[in-house]
Amino acid sequence: MSDLEGNFDVIILGTGLVESIAAAALSKAGFKVAHLDNNSYYGGDEANLTLDELARWADNRSTPLEKYEKISSYLVAQRTKFTSITRSSAVPDHARHYSISLAPSLIPSVGPFISSLIASGVSRYGGYRLLERVGIYSSSKGLQNVPGSKGDIFKSTLSLIEKRRLMRFFKFATGKFESSNELQGHEQTPFPEFLQSKFSLPQEIVDAIVYALAFCASTADVTLHALTRLRNYFQSAGRYGASPFLVGHYGGLGEIAQGFCRVSAVNGGVYILDKKTEDITPPSTSADKFVAHLADFPSPLTAGVLIAADDQLPESLQPLLTKAQNTDESLMARCIAIIDQPILFPPVLSSEGLSGDGVNFAPVSSGEEDAGGQSSASTRLASALAEAPLVDTSIIIFPPCSVEGGSSIKVAQAFTTGAGTFSAPEGKYVVYVSIPIKDGEDPEALMEPYLNTVFSLASVSEPLFKVAYVQHISFPSSSTPTIDLPPIFVTPALPPHVAEISDYANSAAESLFNRVVDHLKAKIPQAWTRERSGEEGGGDGDVFAEIMVPMWPPLGDEEEAGEDE
Amino acid sequence: MSAIYVKLGCVESPSPLWAHRRLSLLADFLTSLAHHCIIHRLFYHDLQSPQLPQWQALHLALQTRSVQVKLVLLGEAAVGKSSIVLRFVSKEFQPNKEPTIGAAFLTQKCLLEDRVLRYEIWDTAGQERFHSLAPMYYRNAQAAVVVYDVTKAASLEKAKTWVKELQRQANPNIVIALAGNKIDLVQSSPSGSGSSSAAESEDEADDATATPGEAATSGAEAENLRQVPREEAQAYAQEAGLLFFETSAKTGEGVTEVFTEIAKNIPIESILASSRGAAGRPGTAGIRPGTQESVNLGENQPKSRDACNC
């Protein structure tokens, strides 16, 4: 056994969400996985960091190059992914009590990601909280709550005809709209235009649907994609509560990536973090496997397949990749601010309450609600605001033209988490502000009016701490799959969309898992027969190649451990 | 003596025999309730079984008073972390146990006066081997058992670094127990069958760092194997504010005491208060009444997906 110590089926470089999901699935399928990361922390570009780690993260990517004697290829790649980084010089106290996400996300309650969380058992490792509020901002009306359900629409102050139009739209959006007359020929029409022309909805409602319910990023987002998202969110509402979205504890996706890594470890995956990969030699005529040499590590690791985050791949292997000819790059200006006051939302009025169930049309009884539920529309006074319940986990949408000096086509979002998700100490809040930008635009100038608005909504003049940066995300523009020869599978970049990133990561991991399993079946039948020989009694690879491997086999009843079988 | 850790992914449907066992287990449990035993084993799943609705009612009744405690194991590879838990949970010992594979966590109920304490025991899953234990591992842990091997001085040093790590990273109220394991190796065997320790020494010896296999020991020879004097470890534990035990997963000596003492030292009232406090916090007003702050993902199946276009 000991001579097999360094032999694996798969070596995975990077512990980002996609790599971690793939590691868990491959380990569960019985493959030997070695999972490595250059960083001392889990999660890669989806990591959750303490404040001091975040400060170091920012410094490593912004310190002038001449100050480095030697710089790793990982850091070189990271410095092109994250640019224009600035941060407050002083890190506040209790830095370790923060858990800041590099990829803030809302997890839809129905979708492939949540299914994977449950099917893999990762859901039992961590906690989740419902998104409490979605707010929409306009310069004229300030911050308003966005109704959370159909029931809320009935209770709202809209005119009867508007309600009917809106209900007609909801019926359309939750149904099989793909084959509907309304959509024919308008799949690629900008969504706001579609809503106005086909459903005659007033601007204010269009804004709420397009930006705060469907989370479109600009006025140009196309109808079909937005409608598909919207239908998914409608299906998500009510599964765990009124909100369609969950927010993971301790910073979300980074913590979840650690959960998937634990599943891999529990199934035999070997974890080596914070070790520099000195070199990886590809399979050749003399050796049929990748051989990885790690710094300060006794023996090399070998494997037939390599999975890597693009920035963790050693330089020597880069030329082997068939680079996609054209890549589209999208840029997202981001700012993470720590504030010591909650954002003040208007109280949830009984007429537009978020507290009702989707099917509960009855007025919310005051007995079940505290201060917020009892106030009526006419008492929206400062005193009511002061008594309004503190909102811990929320997202505020700034549609185009909603803030003076802000963008007229792009949407900014301010996602806030607090002690309720254990991402900040009691009384402190982490606000993630983001807005898509174009190359050449000044991120700081673009961000400023939104930041100032957020701070004024929380009645703070200055944040305790602030990190601002621009994230570059490049996608191959052609959809033709790249040929992976030698077997290096590079994981794709994740879209910066707050509510899409988790499902996208899951789909990417699933496709990766299937490709790797197919490859191992075809190229390394012994790995395959070794795994299955106990059940199937041996045989040749071709027979076994027909067997489908599920991404998540049924969970065993681990909790019954202790009984004799 | 078959594998105790049920490997993820293999499902077995409960046979009538299982159902029978459940009943006898419960009968056992009720007896122990009556006798006010402090600790009794009880499996969460048994009570949750849909086949036994009457027990579900009982379960709910108990659940209202039960406190869930996350307990994490820490320590160098091959000091016997999993073996201690195995002894505690199933009263068993497996010589030549493979390094830990296959258990997400184990649960064990502990009866403490009028309260049920449900331990959720997390094993490192081998992630400590290359210092790659994720912070997620210690999150919300209310208790930790840091294990060292009394026959390996270096393992106590490693234990001390884990204690520091916990004090730096984990919940400030965490109850930490230091356990010096494998004391059967340093005790002269009264029956003269000292060879039993040979089996123990092979325990987990497949790891490169494991104790090399010792021959049968007796008397003074056994004491010679000891590299960590009890007094030294105890003094450190006292200084660092840890509970201290010497244990043998092989014989069971001291194992139950570790978990009982932790149970007595857990600030149960404050755990209960904080969970009550959380549920009643103003921030929950936006969530439908009765919904807890934390969402249990496994609870609700998605609504029918008739809108799916396929």
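Me: A crossing is left-handed if the near helix is turned anticlockwise from the far one by less than a right angle, and right-handed if clockwise. Which hand does the crossing of helix 1 and helix 10 of chain A have?

Reply: A word on the source: this is a predicted model, where local features need pLDDT of at least 70 and side-chain atom pairs count only at pLDDT 80 or more, while totals for chains, interfaces and linings use all residues. Residues are numbered from 1 along each chain as its sequence is written, with chains lettered from A and ligands numbered from 1 in the order in which they are written.

Now the general idea: a packed pair of helices is described by the angle and the distance between the axes. Here the axes (lines fitted to C-alpha atoms over the stretch in contact, with angles from 0 to 180 degrees between N-to-C directions) of helix 1 (residues 17-28) and helix 10 (residues 253-266) of chain A come within 8 Å and cross at roughly 20°. Helix 1 of chain A is therefore roughly parallel (under 35 degrees) to helix 10 of chain A. Their crossing is left-handed.

Me: Which residues of helix 1 and helix 10 of chain A make the contact?

Reply: With contact meaning C-beta atoms, placed from the backbone, within 7 Å, helix 1 of chain A contributes residues including Leu17(A), Ile21(A), Ala24(A) and Lys28(A), and helix 10 of chain A residues including Leu253(A), Phe260(A) and Val263(A). By class, this contact has nine nonpolar, three polar and one charged residues.

Me: Which way do the residues of strand 10 of chain A point?

Reply: In a regular strand, side chains alternate between the two faces of the sheet. From strand 10 (residues 245-248) of chain A, Phe245(A) and Val247(A) point one way, and Leu246(A) and Gly248(A) the other. All four are buried, that is, 20 or more other C-beta atoms lie within 10 Å of their own.

Me: Which strands pair with strand 10 of chain A?

Reply: Pairing needs at least two DSSP bridges. Strand 6 (residues 107-108) of chain A is joined to strand 10 of chain A by two bridges, antiparallel, and Pro108(A) has Phe245(A) as its bridge partner. Strand 7 (residues 128-130) of chain A also pairs with strand 10 of chain A in the antiparallel sense, over three bridges, with Tyr128(A) opposite Gly248(A).

Me: Why is helix 4 of chain B described as largely enclosed?

Reply: Nine of the 10 residues of helix 4 (residues 81-90) of chain B are buried, so the rest of the structure largely encloses it. Among the buried ones are Ile84(B), Arg87(B) and Phe88(B). Their cover includes strand 1 (66-75) and helix 9 (255-265) of chain B. After helix 4 of chain B comes Lys91(B), with a positive phi near 55°.

Technical notes. A residue is buried if 20 or more other C-beta atoms lie within 10 Å of its own, exposed if 12 or fewer, and partly exposed in between; C-beta atoms are placed from the backbone. Two residues are in contact if their C-beta atoms, placed from the backbone, lie within 7 Å. Angles under 35 degrees count as roughly parallel, over 145 as roughly antiparallel, 65 to 115 as roughly perpendicular and the rest as oblique. Ala, Val, Leu, Ile, Met, Phe, Trp, Tyr, Cys and Pro count as nonpolar, Asp, Glu, Lys and Arg as charged, and the others, Gly among them, as polar.
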